[in-house]
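Me: I'm new to this one. Can you walk me through it?

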Amino acid sequence: MSTEDKIKYTEDTLDLDGKQEYTITVYAENRIGLLNRIAIIFSKRKINIESLNSSASEIDGIHRFNIVIHEGYEVVRKLARQIEKQIEVLKVYFNTNDEIIWQELALYKVSTDEIAEKVTVERLLRQYGASAVVIRKDYTVFAVTGHREETDALVKALEPYELIEFVRSARVAIIKDSAGFHEKLKEFEAIEPGEELVENEFLEKGGKIFTM
């Protein structure tokens, strides 16, 4: 939802303080210093960022940030409005988990000997849909995509079997009820069309015009 929309509360996702997990989606121009300024907005309010991802969007030249926090509705709404005040930011949306489709990628490094010797490890990896990324004599790296609860569960399951290393990516998310931000841009352009490009007549004559 946008900063102007109301959000539907889901009782079973709220904690005792009325907080829940929100994913803030920011569409912005990819400019140096923007990420730092967004981070400052959160740090000034002593709000911890659980996950942050930045990537290209469906629009050329526009980047998309996914920021995950655990807060109350009013705090998130004010944060979204504050982020929208940044010059490079085009639009900010915030959604609860039931309003988005999201995934995280996790990598697991496990002893290859453990996998070869113990059938239970192989069964566990199959159960969680893990796929082998690298296989070496001393270790094997597996990849799993899913929700945090799923990737955490596999960590606990692999702990008795020489789990050497574990890392998880930030969240990537798509809003369920969205036609895509490029449609919004078309609406904005129809209401306030941009100026036509004017060719600089002096562009190829710099040497003639600016000589002393």
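Predicted model: local features only at pLDDT ≥ 70, side-chain atom pairs only at ≥ 80, totals over all residues.

Me: Where do Glu74 and Arg77 sit in helix H2?

Reply: They are three residues apart in H2, so about one helical turn separates them.

Me: And is Arg77 buried or exposed?

Reply: Arg77 counts as buried, because its relative accessibility is 16% and the cut-off for buried is under 20%. Glu74 is partly exposed, at 39%.

Me: Which residues of H2 are buried?

Reply: Tyr73, Val76, Arg77, Leu79, Ala80 and Ile83. They cover an arc of only 160° around the axis, so they lie on the same side of H2.

Me: What covers them?

Reply: The cover includes strands S1, S3 and S4, along with helix H1.

Me: Switching topic: how many salt bridges are there?

Reply: The count comes to 13. One of them joins Arg171 and Glu21, with the closest N and O atoms 2.7 Å apart. Arg171 is in the loop between S8 and S9 while Glu21 is in S1, so this pair ties together parts 150 residues apart in sequence.

Me: Which residues are linked in a network of salt bridges?

Reply: Glu104, Arg148, Asp152 and Arg168.

Me: Last one: which residues form the nonpolar patch on the surface?

Reply: Leu105, Leu107, Val133, Val134 and Val167, with about 370 Å² of accessible area together. Strands S5 and S6 each give two or more residues to the patch, and Val167 lies in strand S8.

Notes. Residues numbered from 1 in each chain as written. Heavy atoms only, no water. Buried < 20%, exposed > 50% of the residue type's maximum accessible area, 1.4 Å probe, protein only. Helix = DSSP H or I, 4+ residues; strand = E, 2+ residues; numbered from the N terminus. Arc of directions from axis to C-beta. Contact = heavy atoms within 4.5 Å. Patch = residues over 30% accessible without salt bridge, like charges linked within 9 Å, V, L, I, M, F, W, Y side chains within 5 Å. Areas by Shrake-Rupley, 256 points an atom, 1.4 Å probe, with all protein chains shown as cover. Salt bridge = Lys/Arg side-chain N within 4 Å of Asp/Glu carboxyl O.
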